[in-house]
Amino acid sequence: LTIIDWALQTINKKRAAAGEAPLDITQIPRDDKASYDLLTKSQTTAVFQLESRGMKELIRKLRPDCFDDIIALVALFRPGPLESGMVDDYINVKHGAKAEYAHPALVPILKPTNGVILYQEQVMQIARELAGYTLGGADMLRRAMGKKKPEEMAKEREKFTTGAVANHIEESIATYTFDLMEKFAGYGFNKSHSAAYALVAYQTAWLKTHYQAAFMAAVLSSDMDNTDKVVILIEECRQMKIKICPPDINVSYFKFAVDEIPELGEEVILYGIGAMKGVGENAIDDVIRERETQGAFKDLVDFCKRVDLRKVNRRVLEALIKAGAFDRINDNRAALLDELPTALKIAEQHGKTAQTGQNDLFGLEVREASDAQQDTPDAPPSVEPWSDIERLNAEKLVLGLYLTGHPIDQYAAELKFITNGSIAALIADAERSKSKQSARIVGLVVEMRTRQTKSGKNMGFATLDDSTGRLEVAAFGDTYDKYRDILSKDSLIVAEGSVSVDDFSNTLRLTAEKIYSFEQARAGFARAIVLNWPDGASNVEFTKRLGEILQPYQNGNCPMQLHYKTSIAKASLQLGDQWRVHPQDELLIRLRRWLGKAAVEIRYR
């Protein structure tokens, strides 16, 4: 209910600005086709009561298309109904099988639930219609059946049979009907309870369908203290094509919020500062209060001078920088961290002079020099920006997830040589062919679980994400024992094996035969690292520096090649075997920082 309320606040604020009447969630239509389409596709993450894995599977089978089906879903998804077979009966009749009724009087009572006794109210209706029970008596029967006391049930059986026969119903039919009631009464659910839950479930599904950003921002805010849940919800936003922007000191709030990006022509979700690790609500309130009363922050120094550094301390500032909260001011996060000590000193001196009412000429000079440097756009940055992976790792540290990219992005040029397609393409091919096929995929381990069989064999199940989709990889017995050290959360791995449909979940799974870390796969598939010799570089200085960089990575299997080209000559040189290297990420980062990205290539063919 809180999530719905938060979503409506966001929606109605925008509607009010546009001169529209507020949205009344109690007046939405309950026959919205788009909402039922969302349900039938099992896209129910964040939908109240309907988001668990088992419930999604039940929805996939049932394919609900009316509100009564949602009421039934809530009542059906419990151990009793699932184990009794009544769920299958309900689904089969829903999709065309013929329902059987022991007596015509049962038809109007059980037809809404496809011939199944699903609700406690139906037990009471049957007792009244067939056996003439009073409302009070029918409720006593419902209670007796729930308690399953033999002596009470014997009395009720006799009473029911006598009443049914008095209503001209054959004794055998009366006994059979009582047996059915007794069997299912223990599983019966209070329909009024189920209907109330179903209404909230439908309202959340409707909001997710028609006001995606507002609804998902509210859901994220409700779980912002649970990083694991935030990760799942942000992945859902990505699947919904909702852009999640980093927190921003000039725009963001404590909770996740919706922002309009005019140049994109779409709504985006701004990351809630309150979901960051180590950033307290008091600090956030201070930042928001200052910017709303005194205007936007201009730069890091301006920010440090204006906020209460007892609340927004150095640890908080470092977290904000790493999360990207200053990106719209300066997107070189490495440079901002380098500038932070100076900014804090200036802010501290500014605070002292403000208290004494004096001007600090030295502080002004430092600030003016800083401004002058920032006003020179052509000047090279004094601090090298982080690589993509360094930026993402910093985000993971303070947010608990990778926000502005995926660790696999930096390997995009290499993937086509190591794998035989993306996870999304593999899933699409498998769904078309419906047959087992071999595959080699790469992905980030976002979830890892292990099990042990009764015979003591180990099993590992890793969920891989490659930014196009997710796929479960299973490693059994000796395969798991051999590769268990590689199968850890947040590691980038390559898995090779056969893809088939898992009978239990009815989803695709790759059963692994071989597993590599990404660097192991690169070392196995790469033919050489090729460097372009910089034009005009000193031979002595270049070779000396190259040797210093390569030396820690020697004794590998990957050859090093140099391409030398000037206006009068060109040549390709392969270094001797003693300069074969381990093609690790760290080596490639160092080479690219030295020579530039375009000058370093990993050759696979």
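**Notebook: strands, cores and single residues**

I began at strand β8, where T511 stands opposite A474. That pair belongs to β6 and strand β8 (residues 508-517), which run in the parallel sense over 3 bridges. For this I took two strands as paired if DSSP finds at least two bridges between them, with helices (H or I, at least four residues) and strands (E, at least two) being DSSP runs numbered from the N terminus.

Before going on, I noted that the model is predicted, that local features need pLDDT of at least 70 and side-chain atom pairs count only at pLDDT 80 or more, while totals for chains, interfaces and linings use all residues. Residues are numbered from 1 along each chain as its sequence is written, and side-chain values use heavy atoms, with hydrogens and water left out.

**Entry: β6 and its other partner**

I then followed β6 to strand β5 (residues 458-465), and found the two antiparallel and joined by 7 bridges, with L464 opposite L471 in β6. The hairpin of β5 and β6 has 4 residues between the strands, and within the hairpin S467 takes a positive phi near 80°. Is strand β6 mostly covered or mostly uncovered? I found that 5 of the 7 residues of β6 (residues 470-476) are buried, which leaves the strand mostly covered; buried here is under 20% relative accessible area, exposed is over 50%, and partly exposed lies in between (1.4 Å probe, protein chains only).

**Entry: the sheet of β12, β11, β9 and β13**

I looked up an open sheet of 4 strands, in the order β12-β11-β9-β13, and noted that its pairing is mixed. At its edges are β12 (570-574) and β13 (600-603), each of which pairs on one side only. From one strand to the next the twist averages 20°, where axes are lines fitted to C-alpha atoms, for helices over the stretch in contact, and angles run from 0 to 180 degrees between N-to-C directions.

Inside this sheet I traced strand β9 (residues 528-532), which runs parallel to strand β11 (residues 560-565) and is joined to β11 by 4 bridges; I529 has M560 as its bridge partner in β11. On the other pairing that I checked, β11 and β12 are antiparallel over 5 bridges, K565 stands opposite K570 in β12, and 4 residues lie between the two strands of this hairpin.

**Entry: the sheet of β1, β3 and β2**

I also recorded an open sheet of 3 strands, ordered β1-β3-β2 and mixed in its pairing, with β1 (244-245) and β2 (257-261) as the edge strands, each pairing on one side only. Strand β3 (residues 266-270) runs parallel to β1 and is joined to β1 by 2 bridges, and I244 has I269 as its bridge partner in β3.

**Entry: nonpolar cores**

Which residues touch the most other members of the largest nonpolar core? I found I269, Y271, F303 and F326, out of 117 residues in that core, a nonpolar core being a set of buried Ala, Val, Leu, Ile, Met, Phe, Trp, Tyr and Cys residues joined through side-chain atoms within 4.5 Å. A second, separate core has 33 residues, among them Y411, W533, F542 and L550. Leaving aside neighbours within four places in sequence, I listed the contacts (heavy atoms within 4.5 Å) of F303 as I249, V287, F297, V312, L317, L320 and F326.

I placed R333 in helix α18 (residues 333-356), and counted R333 as buried because its relative accessibility is 3%. Beyond neighbours within four places in sequence, R333 is in contact with residues including D327, W386, R391 and E395.

I placed G163 in helix α10 (residues 150-166), where G163 counts as buried because its relative accessible area is 16%. With neighbours within four places in sequence set aside, G163 is in contact with L130 and A131.

**Entry: cysteines**

How many disulfides are there? With a disulfide taken as a pair of cysteine sulfur atoms within 2.5 Å, I counted 0 disulfides. C237 is in no disulfide, and the nearest cysteine sulfur, that of C245, is 11 Å away.
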